[in-house]
Amino acid sequence: MKIGLIYSFNTIKTSKNAEKIKKAFGKDFDIEMVNVEEIDEKSFLSFDNMLLGVPTWFDGELPNYWDEFMPAIEQLKLKGKKVALFGLGDQVGYPENFVDAIGLLAIALEERGAKVIGLTSPEGYTFERSVALRDGKFLGLPLDIENQAALTDERIKAWVEQLKKEF
């Protein structure tokens with residue numbers, strides 16, 4: 001199964017965790033690493049299954065490279081696409097908008113027909129609000145390497161095992 005792992009190659013923390021995610025999938029899955037800063041609509045649509053890395057910037061914003069691709073996303077038809085999101089956030093420094101970028105991207109993709117998979121429990125996180133939280137679940141995998149780095153590998157492993165069943 002071919003899966004596009006789309007994130008910014010220029011972000012050290014997201015890149016490091018994207019590599020961990022790819023490794024956790026093992027050899028049974030064909031994971032293609034794609035730099036979101038160089039993607040176009042055609043290559044985005046070439047994947048039926050996608051993993052998207054999206055850290056939250058500032059006070060709950062998408063990073064520039066995802067924000068700049070949003071007008072293209074808003075024109076796409078994504079019915080039949082499965083998308084799993086992971087994102088970095090800081091629940092202590094930004095508790096009022098923890099991993100909002102996951103939610104912002106998930107909403108935009110769902111509005112175009114994509115199915116968001118890989119929902120996770122908020123158990124073990126401490127925050128006030130998050131756009132990424134819906135019906136008691138995160139719309140992807142939050143990673144807080146600033147405050148909970150020791151939990152990252154375990155969270156990635158469990159999430160990837162879940163995704164192997166959902167893809």
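Start with the outward face of α5. The face of α5 turned away from its buried side carries the exposed residues E154, K157 and K165. Exposed here means over 50% relative accessible area, buried under 20%, and partly exposed in between, with a 1.4 Å probe and protein chains only. Helices are DSSP runs of H or I with at least four residues, strands are runs of E with at least two, and both are numbered from the N terminus.

Before going on, the ground rules. This is a predicted model, where local features need pLDDT of at least 70, side-chain atom pairs count only at pLDDT 80 or more, and totals for chains, interfaces and linings use all residues. Residues are numbered from 1 along each chain as its sequence is written, and side-chain values use heavy atoms, with hydrogens and water left out.

Back to α5, now its other side. The buried residues are T152, R155, I156, W159, V160 and L163. Seen down the axis of α5, these fall within an arc of 125 degrees, so they line one face of the helix. The arc is taken from the directions running from the helix axis to the C-beta atoms. What covers them? The cover includes α1, β3, β4, β5 and β8. Contact, throughout, means heavy atoms within 4.5 Å.

Length check on α5. Its 15 residues should span 21 Å at 1.5 Å a residue, and the end C-alpha atoms are 21 Å apart, which agrees. The expected span is 1.5 Å times one less than the number of residues.

Next, α1, residues 12-25. The same check works: 14 residues should span 20 Å, and the end C-alpha atoms are 20 Å apart, which agrees. Buried in α1 are T14, S15, N17, A18, I21 and F25. Their cover includes β1 (2-7), β2 (30-35), β3 (49-53), β4 (82-88), β8 (141-143) and α5 (152-166).

N17 sits in helix α1. At 2% relative accessibility, N17 counts as buried. Leaving aside neighbours within four places in sequence, N17 is in contact with L88, L143, I145, T152 and I156.

Now α3, residues 64-73. Which residues of α3 are buried? They are Y65, W66, F69, M70, A72 and I73. They cover an arc of only 160 degrees around the axis, which puts them on the same side of α3. They pack against β1, α2 (41-45), β3 and α4 (100-111).

W66 leads us to the core. A nonpolar core is a set of buried Ala, Val, Leu, Ile, Met, Phe, Trp, Tyr and Cys residues joined through side-chain atoms within 4.5 Å. The largest one has 55 residues, and F44, L51 and W66 touch the most other members. Not counting residues up to four places away in sequence, W66 touches I6, V36, F44, L52, G53, V54, I73 and L105. In soluble globular proteins, nonpolar side chains tend to be buried together.

On to T120. Is T120 buried or exposed? At 11% relative accessibility, T120 counts as buried. T120 lies in the loop between β5 (115-117) and β6 (133-134). Beyond four places in sequence, T120 is in contact with K137, F138, G140, L141, P142, W159 and Q162. The T120 side chain reaches the backbone oxygen of G140 at 2.5 Å. A polar contact is a pair of N or O atoms within 3.5 Å; within protein, one must be able to donate a hydrogen and the other to accept it, and residues adjacent in sequence count only if both atoms are side-chain atoms.

A word on backbone angles. Most residues other than glycine have a negative phi. F58 has a positive one, near 50 degrees, in the loop between β3 and α3. V99 also has a positive phi, about 45 degrees, in the loop between β4 and α4. Their surroundings contrast. F58 is exposed, with a relative accessible area of 56%. V99, at 1% relative accessibility, counts as buried.

Last, the annotation. An unreviewed UniProt entry places "domain: Flavodoxin-like" at residues 3-164. UniProt positions are in the numbering used here, feature names are shortened, and annotations may be inferred rather than shown by experiment. The end C-alpha atoms of that span lie 11 Å apart, and the span is 33% helix and 20% strand.
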